[in-house]
Amino acid sequence: GCGLVAASAPKPVAKAATKPQPAAPAPVAEFDVAGILGRSQRVVPKPAATGGYSSAPVLSQPSAPAPAVVARAPVASAAAPAPAAPVGPGAADVVIGEKVLESCALKNVFAILPNYHSEIEGMIACTDYRFSFRVRKAPNGKSGLPASCMWMHPTRANFFDVPFGLVAFVEPRTRAAAGTGMVDHIVDVRTKDFRQFSLNFRSDEEAQKTFVSLMDTFTFPGGP
């Protein structure tokens, strides 16, 4: 008879393996700054072979964290030495544009104070901005100012440093020197900030005229 052929079981058809698709990044609002800054990965479009860009984004590796900044304590620099006190006409603390008048340096001048009977020896240094009476140093190198007048020192009140714009009154006069028969040539000075003193040029009349001429030029320009 006819033999029966056993039906064979159908062979399973192998399916092509599919690549897992990368998870799409979570949508971020356009102005959600906190969300944008909080993302660990940045989406970078991949150029396509046709010159355009493919629709499938490629995730780039997260950027390396910035190195930590180590705060360092400031290094203390050595303190600069304090400037020395001005001594003499060449060391006057001139300002920008101020010119020292070397030809108007007057030596052997004596300052007279209203409440001090002794005269203070020194010299006069002049610029085109001010005049300054510089007290002569004592033999031991210290200031020649009396102890009761140390507040007038250049490092303190700087009493004898007078800008021409502060001069209110200048009056030359003469007097007979006691016991010598010589004539002292003196100039009385008063300032707008209530300083008052006199400068005694002794018998040097030319020095007195030079100082008065300096006052006329810089203190009272165009005056009578």
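Contact here means heavy atoms within 4.5 Å. Helices (H or I, at least four residues) and strands (E, at least two) are DSSP runs, numbered from the N terminus. The model is predicted, so local features need pLDDT of at least 70 and side-chain atom pairs pLDDT 80 or more, whereas totals for chains, interfaces and linings use all residues. Residues are numbered from 1 along each chain as its sequence is written, and side-chain values use heavy atoms, without hydrogens and water.

Helix 2 (residues 205-218) lies across strand 3 (106-113), strand 4, strand 5, strand 7, strand 8 (183-191) and strand 9 (196-200). Helix 2 runs at about 20° to strand 8; axes are lines fitted to C-alpha atoms, for helices over the stretch in contact, and angles run from 0 to 180 degrees between N-to-C directions.

Seven strands form an open sheet in the order 6-5-4-3-9-8-7, with antiparallel pairing; two strands pair if DSSP finds at least two bridges between them. Strand 6 (161-163) and strand 7 (167-176) are the edges, each pairing on one side only. From one strand to the next, the twist averages 30°.

| Antiparallel pair | Bridges |
|---|---|
| Strand 4 and strand 5 | five |
| Strand 7 and strand 8 | nine |

Ala125 stands opposite Ser132 in strand 5, and Arg173 opposite Ile186 in strand 8.

The structure holds zero disulfides, a disulfide being a pair of cysteine sulfur atoms within 2.5 Å. The sulfur of Cys126 is 5.4 Å from the closest cysteine sulfur, in Cys104, and therefore too far for a bond. Cys126 is buried (under 20% relative accessible area; exposed is over 50%, partly exposed in between, with a 1.4 Å probe and protein chains only), at 2%.
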